[in-house]
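The entries below are kept in the order in which I looked things up.

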Amino acid sequence: MGILEVKGVNKRFGGLQALGDVNLSVAENSVHAIIGPNGAGKSTLLNCLVGKLIPDTGSVMFDGQSVLGRSPHEINQMGISRVFQTPEIFGDLSVMENMMIPCFAKRDGSFEMKAFSPTLGEKDIVEHAEEVLVDMNMADKRNMNAASLSRGDKRRLEIGMCLAQNPRLLLLDEPTAGMARADTNNTIDLLKQIKDERDITIAIIEHDMHVVFSLAERITVLAQGTPLVEETPENIKGHPKVREAYLGEAQV
Amino acid sequence: MLGLNKNDMRLLLIVAAMVALAPIILNPFPESSAMAQFNAGYPDLMQRFVIFGIFAIGFNILFGLTGYLSFGHAAFLGAGSYAGMWMLKLLSINVIPAIIFSTFIAGLISLAIGWISLRRSGIYFSILTLAFAQMAFSLAASVLTPITGGETGLQTNLNDPRVLPSFLGGGASDGGNIPKPSLFGMEMTASFKLPVAGWEWTFNWGYYVCGVIMLVAFYVAIRVFRSPFGLMLRAVKSNQQRMSYTGLNTRPYMLACFVISGMYAGLAGGLMAAMDPQVGAERMQWTASGEVVLMTILGGIGTLIGPVLGAGLIKYFENIFSKINSSLLHEWFAFLPDGLEDFIVAIIYPFIGKGWHLTLGLMFMAVIIFLPGGLVELGQRIARRFGKGRTANATGETKPAE
């Protein structure tokens, strides 16, 4: 029994069957990659996991509880954090403030009315945020405006914000899309470090095979909304079905 | 001190000093001089400065922090005024119950309007709030006449019961006259005039009551800006998607903010009724909602002191600039040759008197284009130009322009 269990999920947009009978099991403390050609339904699947979309049929269970019908903030509070394809951060706020917000969300839940006490008086929050910034190697940038960070640093900040919540499952949606090679490698190193140091399950959607094969322990190949194969990276490389659907063009 | 950091405390003290000394600062010209009509230090106008200051401070908590532009805040202002008037009529001529009740009622109404309007954001939110405010205006002017007095409005009069005992401000009549709103016997209109050399300074009790309340409101706003709640509101403005995926529910944050902002408007409305016990539906009209938007933008969106400055500037223009007439202009330019004098007066005339809106409009455009940060940014630039060594901080630690 995995920490995330997707069973018989279907999602249809008008005449398009985006997801057809998807079954997926992500084992606890593993790194599970979901790959597939464009339009395979990877992002639709991810959106079904975080409450952005509701599947037509099927079930999505996280740690024995259904996530269906819950809103994104409720699902996050269950322990699922999401990293977006383009980094979603609070651009108008400082790096430190960016980091404090998830710390508040973790400690106080989805709503807490603290309108009269100074933010900087919350010593445990400030310390926690500071710690994560140091972990992320961003402590020197704490007073910078988040919008002025480089692409790689924005990604790093976003991942840090997710980790500050100590999630049980981290979902990454093409975390290296549009990145320079150096930034991509930095991100891979960061994710490897996270995987080694924490009890965390990572599910990653990715196009870049270099990233996938550097990180993943299990790989699910999605094509036309349906999982073709689920295998270890070694077995995926030579798999004839996968070659046919996807890797043939990518020349692995 | 008071839970504020050094800069905020200094700002609060500066504002407090300005409020305390306003009767002197706003009367820079001797009574007999030709410039005397630019003096703004008379009670009625000073009261308006601080009351609209409160209104704008509250509006800025919503607009400045979250970026949600409400076009319906006049509804809360008007509701506060009506609620306050009823307290003055039914309960007591003392202003305390009036302003408490007006704040409370405005809070309730903003809860209802916010509950619905906050289902949308951006322009749709603005339109919804505008629609509600116009509905409130129409209702106040027609259907709700028994409560609002319809087109004639609501005044205190001799038939009012005022049920509280007289030492708390009860009693219908004050020796046959309608009693004037007071604070434990001190009438709001009571003034103390102090002539010094050519000047005459008027210290008005009502103004100082409003001033102290504004300082409290300002202090609360600073605390809100610096609180975790304020941080969440700025997060709403910055990225709502990231906020929900960080496990935060934006709706209660927005609703709480909307209600706080509405309560500020209600407090301002209640004070208006307390200073001048009459209210009509026009207080709820959309132009009044637009005015507070202008004040906030002129002063500096999202800054602490900006809205207060903007409110002061607009009210100053409305009351002083509008009084200049053509004969006065002729008087000023009398030293010029006749033809030139007429020419200059003809050019200036459209911008003054009834044309003061034109000047305001031009000023507003100039601010939007050249000073998006409003008067506060102007102050910061001046401070930087004259190199005070210290850079003014982003929250409005600047020399107030008024």
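These entries concern chain B of a predicted model.

**Entry 1: helix 7 against helix 10.** I looked up how helix 7 (residues 205-225) of chain B and helix 10 (residues 250-275) of chain B pack, and I found an angle of about 175 degrees with the axes 11 Å apart. An angle over 145 degrees counts as roughly antiparallel, and the two helices of chain B are therefore roughly antiparallel to each other. From helix 7 of chain B, the contact is made by B:Gly206, B:Cys210, B:Ile213, B:Ala217, B:Val220 and B:Ala221. Helix 10 of chain B contributes B:Tyr264, B:Leu267, B:Leu271 and B:Met275.

**Entry 2: a residue of helix 10.** I then turned to B:Ala256, which is placed in helix 10 of chain B. Its relative accessible area is 16%, so B:Ala256 is buried, the cut-off being under 20%. Leaving aside neighbours within four places in sequence, B:Ala256 is in contact with A:Met113 and B:Phe229. The C-alpha atoms of B:Ala256 and B:Ser110 are separated by 9.7 Å, although the two residues are 146 apart along the chain.

**Entry 3: helix 4.** B:Ser110 is also listed among the buried residues of helix 4 of chain B, which include B:Ala106, B:Gly107 and B:Ile113. Helix 4 (residues 95-117) of chain B has 23 residues and reaches 32 Å from its first C-alpha to its last, close to the expected 33 Å. I asked what covers its buried residues; the cover includes helix 3, helix 5, strand 2, helix 7 and helix 10 of chain B.

Entry 4: Helix 11 (residues 286-299) of chain B has 14 residues and spans 20 Å, close to the 20 Å expected. I recorded this helix as mostly covered, with eleven of its 14 residues buried. Among them are B:Glu291, B:Met295 and B:Gly299. The cover includes helix 2, helix 3, helix 12, helix 15 and helix 16 of chain B. Just after helix 11 of chain B, B:Gly300 takes a positive phi of about 135 degrees.

In helix 16 (residues 374-385) of chain B I looked up B:Glu377. B:Glu377 counts as buried because its relative accessibility is 18%. Apart from neighbours within four places in sequence, B:Glu377 is in contact with B:Leu371 and B:Pro372.

Technical notes:
Residues are numbered from 1 along each chain as its sequence is written. Chains are lettered from A and ligands numbered from 1 in the order in which they are written. This is a predicted model: local features need pLDDT of at least 70, side-chain atom pairs count only at pLDDT 80 or more; totals for chains, interfaces and linings use all residues. Side-chain values use heavy atoms; hydrogens and water are left out. Axes are lines fitted to C-alpha atoms, for helices over the stretch in contact, and angles run from 0 to 180 degrees between N-to-C directions. Helices (H or I, at least four residues) and strands (E, at least two) are DSSP runs, numbered from the N terminus. Angles under 35 degrees count as roughly parallel, over 145 as roughly antiparallel, 65 to 115 as roughly perpendicular and the rest as oblique. Contact means heavy atoms within 4.5 Å. The expected span of a helix is 1.5 Å times one less than its number of residues. Buried means under 20% relative accessible area, exposed over 50%, partly exposed in between (1.4 Å probe, protein chains only).
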